[in-house]
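User: Could you take me through the salt bridges in this one? I'd like a close look at who pairs with whom, and where the partners sit.

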Amino acid sequence: MSNKSDIDYSRVVRYIIIGVIIIIVLILNYCSLSKHMSSNSQSITNYTIPEEYVERSREPVVAGLFYPADKIMLDKKLDSYLSHSLPLEQFPVQPKILIVPHAGYDYSAAVAAKAYLTLQPFASQIKNVILVGPAHQVSLQGVALSEADSFKTPLGTIKLNPQIVSSLSKQPNVRIWEKAHQSEHSLEVQLPFLQKILPHFSIVPLVYGDISPDDLAELLRPYLSSPDCLIIFSADLSHYHDYETAQAIDTHTAEQIKRRQADLEAYQSCGATGINAALILAKDFKLTPEMLDLRNSGDVMGTLNKVVGYGSWSFSYNDKADDDADSIAKDQKSLEDFVTVHGKTLMKIAHISLEEALLYGKHYSPSRKDYDNTLFDKGASFVTLTRADKLLGCIGSVFAHQSIARDVADNTYAAALEDKRFNPLTADDLAQTEITISLLTGYERIRYQDEADLLRQIEAGKDGIVLRSGDRQALFLPSVWKELPDKQEFLNNLKLKAGMTPSYWSNKIKVYRFYTVEITDNAD
């Protein structure tokens, strides 16, 4: 018997080759059969769409509160607001920017509709609408985009422009944050108007919080040049003042917008940052603002305390946008012409008001039947009372909020009896009291590097100056230069009047210049 086993290696090789062939055949059969299999084990009734295919839509949150939730009712309501035709020949050029309010429709939709009507002749040209509104429900740094693919209203669905959203999301101060949009009404209330006016468009919703107007304007600048793009700034005006105070504040705001002065304060509008950004863009792109409507909730609802202001504006290209129409120098020339014609009559009104105040303790209210209608145009005045160059009282209006006739009469009364720096005048003072009326131009912001730079820019003897820091504010008429001819002394005393120390300085102080035209008792 042999100790060595015999192995048939050739047979082993054959088995291996046969096994490999079988495996290859099985694989080929499976691949062939799998192409012709009638079904998998899963049913399509259990299919779940991948997340990237799910359309994310923001549902309306103030439908039924700010505007009707029922489609038919909303449609009819919008038709009623948009039925009031505008003289469209005044709007021959496509608007590039709108400013519109965002309150409940019963309060502000009639004002907003005036702006949307200016889009009608150009509706087919506008394809992209960038909506810009302040955050009311969340604290927000910078600007928030929505992660939604569309926004819904009772009238239907509006797609977002993914290219613009993507581009903006990469910019500084911008992030995608849905929470800022979830409960926000300032943009939502604009959507039904757009759906009624524009046939085909997409939107880019931007909610802003703490951001400078310059930075916000910089984000929007590239899109203002696009011929198919419209930018809408959503903003209400003054909040919760009495009717007359609200009118004065909102009138001043309208004047700033007219002059494209990007200096609105927070108390003037809940959307002050947005309006300021609009005005920066308007000045840079030579867009002319056109005020379409200005009123407050007192005009609509009849309640005259704690009213909210609403205004609408349209901005479009105009070759004359940068002429002298914005300058306070032109204002001064107009006031000089006004005084040439009506100066003596204004002085007469002041004297009657002084007599009524000192002899009878009464307010004098000029009547239209007694004076030229032009004297009931709005104007701002200061009335100064003196005796032998000694100041007895000086009261005035910073903003033009009522007729110039009424303003002069009211300020004369107040200067005589209500200037807390002096004792009230009496009937014995009447004969020796001299009156000076100062009519004020609009205001021009002085931008400076530091206090020394400000002093260099101030023109002694000519400029009236307003100094504002937070809630502190003071004004010196140009006539004060007679008493304080040195610029530093002038500025230090203005600081004192505003409740600051003469040595105090901050580059956050806002400074404005204005001019005056005076009417004096001894004028020819």
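Analyst: The count comes to 25 salt bridges, taking one as a side-chain nitrogen of Lys or Arg within 4 Å of a carboxyl oxygen of Asp or Glu. Bear in mind that this is a predicted model, where local features need pLDDT of at least 70, side-chain atom pairs count only at pLDDT 80 or more, and totals for chains, interfaces and linings use all residues. Residues are numbered from 1 along each chain as its sequence is written, and side-chain values use heavy atoms, with hydrogens and water left out.

Let's start with aspartate 331 and arginine 259, whose closest N and O atoms are 2.0 Å apart. Aspartate 331 sits in helix α11 (residues 328-360) and arginine 259 in the loop between α8 (243-258) and α9 (272-285), 72 residues apart; helices (H or I, at least four residues) and strands (E, at least two) are DSSP runs, numbered from the N terminus. Both aspartate 331 and arginine 259 are buried (buried is under 20% relative accessible area, exposed over 50%, partly exposed in between, with a 1.4 Å probe and protein chains only).

Next up, aspartate 263 pairs with arginine 445 at 2.5 Å, N to O. Aspartate 263 is in the loop between α8 and α9 and arginine 445 in strand β16 (residues 444-446), so this bridge ties together parts 182 residues apart in sequence. Aspartate 263 is buried at 2% relative accessibility, while arginine 445 is partly exposed at 23%.

Strand β16 also holds glutamate 444, 69 residues from its partner arginine 513 in strand β19 (residues 510-514).
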